[in-house]
Amino acid sequence: MEGSESEAIFDSLNLNPQLFINEALNTVDDLLNDGFDFYLQEASTLLKIEGTERSQDLTKGVNYIRNMIQSSLDKRLAMWEKYCLRHCFTVPEGFSLSKNDELPGSCSMVQDTLSYPDVDAELDSLRDKLTLVGAESDRLNSELKELERQSALSGHYTGLINEALQLYEDTSARDMFREMVQTATELRVKMQKLKTRQAERMEHARAERIYNSLTDYFTVNQEKGLANAKLDDLQEFLAELKKM
């Protein structure tokens, strides 16, 4: 950049790009040195080795790391410096200096920059759009919160319904079991009654058979009578009764 048209233009405007870059580089160096000095001091305090041989070892180690970082940083900053001088501080072709009777701020570049009357209107439009976007964002956030609230209520209601269904199912099971017990009890009673009726019918039939046998016996032996019956006949008659 030295001796170039860009340097002449910046000099005419009382600007020095190289001075700006040097100030930036010096600021970076100061920050790096201050940072490592603070690190060394804090490390010595925490390790409690200040004034000992270990303190010297710590200083050597910190300086080694500082030099390694400084070397890498210097290379990157040198590339940054070249980029700034070649691209950032190079005026475009066709750039013309202002006349002697004009203020530096009235150069053609500044005039071109100020020759857009619609910039303010465009900025106002962008502000309005940003305001609308903010309002829309607030509305969407409100809807999202409402949906979250409804979702929470829905989950709560679903839980209540599930509890009610579970309670209904439990109640239905208890009712069914109670009905089964009642049915079994009624069936047992009916079976007992049936057995009783069957026993009564069997006893009645047996009594009827005995009665019929006695009737038949006395009909056949009317002349003899019970007192005149032979012992063998009575034993045979009793044996027949036992078989009934």
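Under the criterion applied to the rings of Phe, Tyr and Trp (its six-membered ring), in which centres must lie within 6.5 Å and planes under 30 degrees apart count as stacked, over 60 as edge-to-face and the rest as tilted, the count comes to 1 aromatic pair. The structure is a predicted model, in which local features need pLDDT of at least 70 and side-chain atom pairs count only at pLDDT 80 or more, whereas totals for chains, interfaces and linings use all residues. Residues are numbered from 1 along each chain as its sequence is written, and side-chain values use heavy atoms, with hydrogens and water left out.

The pair consists of Phe20 and Phe89 in an edge-to-face arrangement, at 6.0 Å centre to centre and with 65 degrees between the planes. Because Phe20 lies in helix H2 and Phe89 in the loop between H3 and helix H4 (108–113), the pair ties together parts that are 69 residues apart in sequence; helices are DSSP runs (H or I, at least four residues), numbered from the N terminus. With buried meaning under 20% relative accessible area, exposed over 50% and partly exposed in between (1.4 Å probe, protein chains only), Phe20 is partly exposed at 48%, while Phe89 is buried at 17%.

Phe89 also belongs to the largest nonpolar core, which has 9 residues, including Ile9, Leu25 and Leu77; such a core is a set of buried Ala, Val, Leu, Ile, Met, Phe, Trp, Tyr and Cys residues joined through side-chain atoms within 4.5 Å. Two or more residues of this core are given by each of helix H1 (5–12), helix H2 (17–47) and helix H3 (53–88), and H3 supplies the largest share, 3 residues.
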